[in-house]
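Reader: I have a protein model open on my screen and would like to learn how to read it. Could you take me through a few features, one at a time?

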Amino acid sequence: MTEVARKYVFDFDSTLTRVEALDVLAEMTLQGKPNREEIIGEIQRITNLGIDGDISFTESLEQRIKLLEAHKDDLDGLVEELRHKISKSIESNKEFFEKFSDDIYVISCGFKEFIDPIVKEYNIPSERVFANTFEFDEQGNIIGFDEKNVLATHNGKIECLKNLDLKGEVQVIGDGYSDYVMREAGIADKFFAYTENVHREKAAEHADHVTPNLDEFLFVNDLPRNISYPKNRIKILLLENVHPAAFHNLSEDGFSVELVKTSLSEEELIERIKGVHVLGIRSKTQVTQKVMDAADKLLVVGAFCIGTTQIDLNYCKSKGVVVFNAPYSNTRSVVELAIGEIIMLMRSVFPRSTEIHGGQWNKTASNSREVRGKNLGIVGYGNIGKQLSVLAEAIGMRVYYYDIDDKLALGNAVRCETLENLLNISDVVTLHIDDNKANKDFIGERELNQMKDGAMLINLSRGFVVDIDALSAALESGKLAGAAVDVYPEEPRANGEFHSKLQGLPNVILTPHVGGSTEEAQRNIADFVPNKIMDYINSGNTVDAVNFPNIRLPKQTNAHRFLHIHKNVPGIMAKINKVLAEYELNINGQYLSTDSELGYVITDLDKEYNKEVIKALRKIENTIKFRVLY
Ligand SMILES: NC(=O)c1ccc[n+]([C@@H]2O[C@H](COP(=O)([O-])OP(=O)(O)OC[C@H]3O[C@@H](n4cnc5c(N)ncnc54)[C@H](O)[C@@H]3O)[C@@H](O)[C@H]2O)c1
Ligand SMILES: O=C(O)[C@H](O)COP(=O)(O)O
């Protein structure tokens, strides 16, 4: 990294710290006062007017100090509070403040009494902190400020910086009006609008560069930093209306996130995927080879659902793209819907409901039965099937199940050796097999004929699993007495018109693929999948990845981490280590996880390295992807 003779001038409030210190002081001093909220609101309003340049700074300061009613003794508490409120990316880049200590200045319209002790911990001595000072009365009450200080005056930062007469390129990093005017006055060479804590339109408009955190600032200046690539440069595209909490979780961590309400067609996705590092989808979006070929930056696909067959998992793997899903987050929701549908179908609730909606009173017990003592046939005894088995027994059903794999029976459930056995004896058959394409038309005419006369079928798995023509024929002929269908061979990409042969048939419950669509499930998914994504992007962890060798890595501090994804061919580890040795890199730890096709090696290094090593590692034959984490 090139070290240029630059000077870095930082603002304090809302830049080095996440807060405005005087607001925090107000929260403390006004505690217990009846009109506290009102006064705090007023102080914040005055603060913003001053920051945006709408009133003079001196005026803003005077008014706030009056409202504060603070005492000298409050300042210790304030400093303690501020220590916990350092901006996240400032805190994680202490190394920069250590290495460039001599070139870093703080110019603030805040007060040295609380700034000095905070920035001292970042190697900035009091003599390079330029700020106001309080005036106290004999009892120690804060009654004003040193009015002779230029920083107590309007545009005082310009004057202050001018007086400093700094040599070299001067860069100002701040969030407000008083910061960008230094650049406008020609005293500073560059202004970086710092938006990690607050995004002020005026500051952003006047900036040479908007920097959402210190990582970005250090990146554009090629300065030493904690992470090699700023997170705000990592673009995340979330499709299919995933829960807003996902947006919140990922943006909070510093990523640039875009939300799209619907799924996208292949052509649309090819267009949108360029420059995207993380793609989030649900069950509709097809991540095909063509999409992957257009994805020039893609690192991760997050399926915000259980199913992953909409994604070409192997092709993703061959491109070094890791895929995560949420294997359990909506399980309970599907199970509850299945229980509800079993009861609704057995009681013929939907025909009765339709009749009465149409103005017909039809009180009858015919075709209305209890579920107690009836046979439930669960096909696919996985996460959903097993949980359904337990709940169904709890309401008195006799549970039979069929699974291609050997699955332990829960409770009193009885395993059927063949699908036919299960179909022959079940009053209700419910499908919970996985979304493997081999399960296409798993239930067709033959299987429907193997079911008991008057039985019911539920499909909450995947649309292609049931031959819809055969099902509608079985319902029309009376072979089956009812069905509940949530999933269809063809589903629309967005809400709107939809047609199916099953529409209008009696005792048929149709739902638009909402088995997993509960607030609880979507909320759980919005935590689970982003956590996996962040864990991979931030640390390289692939635990629970569906297409990648799984590895949980130790956390590293003060180290550099290289991630190397390659084809699993003989000799590649030797080549990687040969390059590392050639560049005399000291390895702290090295972790390898492989499957038959792919190798994923993670190397932790304990000191600065020659950047040329990156090129050399990328050049190794059969390398798929290489990434420096920090
Ligand atoms: N409707 C919805 O909104 C919704 C919500 C969540 C899950 N799902 C779907 O539900 C299905 C089940 O989910 P899960 O989490 O229980 O999956 P899972 O992988 O835990 O269980 C699937 C089970 O089906 C078995 N299986 C696969 N093919 C089979 C076959 N041909 N015959 C018999 N058994 C077979 C597997 O061995 C496995 O035990 C998936 O298709 C999933 O996509 C739908
Ligand atoms: O695979 C799943 O989890 C379900 O099919 C739900 O998919 P969805 O999130 O698209 O509703």
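Author: Gladly! Helices (H or I, at least four residues) and strands (E, at least two) are DSSP runs, numbered from the N terminus. In helix 4, the buried residues are Phe57, Ser60, Leu61, Arg64, Ile65 and Leu68. Seen down the axis of helix 4, these buried residues fall within an arc of 125°, so they line one face of the helix. That arc is taken from the directions that lead from the helix axis to the C-beta atoms.

Reader: Before we go on, what kind of model is this?

Author: This is a predicted model, where local features need pLDDT of at least 70 and side-chain atom pairs count only at pLDDT 80 or more, while totals for chains, interfaces and linings use all residues; side-chain values use heavy atoms, with hydrogens and water left out. Residues are numbered from 1 along each chain as its sequence is written, and chains are lettered from A and ligands numbered from 1 in the order in which they are written.

Reader: What span should helix 4 have, given its 12 residues?

Author: The expected span of a helix is 1.5 Å times one less than its number of residues. For helix 4 (residues 57–68) that gives 16 Å, and its end C-alpha atoms are 16 Å apart, which agrees.

Reader: Now for sheets: in what order do the four strands of the open sheet lie?

Author: Two strands pair if DSSP finds at least two bridges between them. Here the order is 22-23-21-24, with antiparallel pairing. Strand 22 (587–594) and strand 24 (623–628) stand at the edges, each with a single partner strand, so one side of each is left without a neighbour in the sheet. Strand 22 and strand 23 (residues 598–605) pair over seven bridges, and a hairpin of three residues joins them. Tyr591 has Ile602 as its bridge partner, and Leu592 stands opposite Val601.

Reader: Which strands does helix 24 lie across?

Author: Contact means heavy atoms within 4.5 Å. Axes are lines fitted to C-alpha atoms, for helices over the stretch in contact, and angles run from 0 to 180 degrees between N-to-C directions. Helix 24 (residues 572–582) lies across strand 21 (560–567), strand 22 and strand 23, at about 160° to strand 22. Helix 25 (residues 612–619) packs on the sheet too, touching strand 21 and strand 24.

Reader: What feature does UniProt place at residues 561–630?

Author: The unreviewed UniProt entry places "domain: ACT" there. UniProt positions are given in the numbering used here, feature names are shortened, and annotations may be inferred rather than shown by experiment. In the model, the end C-alpha atoms of this span lie 6 Å apart, and the span is 27% helix and 41% strand.

Reader: How many strands are in the open sheet with parallel pairing?

Author: That sheet has seven strands, in the order 16-15-14-17-18-19-20. Its edge strands are strand 16 (414–415) and strand 20, each pairing on one side only. Three bridges join strand 19 (residues 480–485) to strand 20, and Val485 has Leu510 as its bridge partner. Helix 22 (residues 468–477) lies across strand 18, strand 19 and strand 20, running at about 140° to strand 19.

Reader: Let me end with one residue: is Ile173 buried or exposed?

Author: Ile173, in strand 6 (residues 169–174), has 0% relative accessibility and counts as buried. Leaving out residues up to four places away in sequence, Ile173 touches several others, including Tyr8, Phe10, Phe192 and Phe217. Ile173 and Phe191 are 18 residues apart in sequence and 6.1 Å apart in space, C-alpha to C-alpha.

Definitions and conventions:
Buried means under 20% relative accessible area, exposed over 50%, partly exposed in between (1.4 Å probe, protein chains only).
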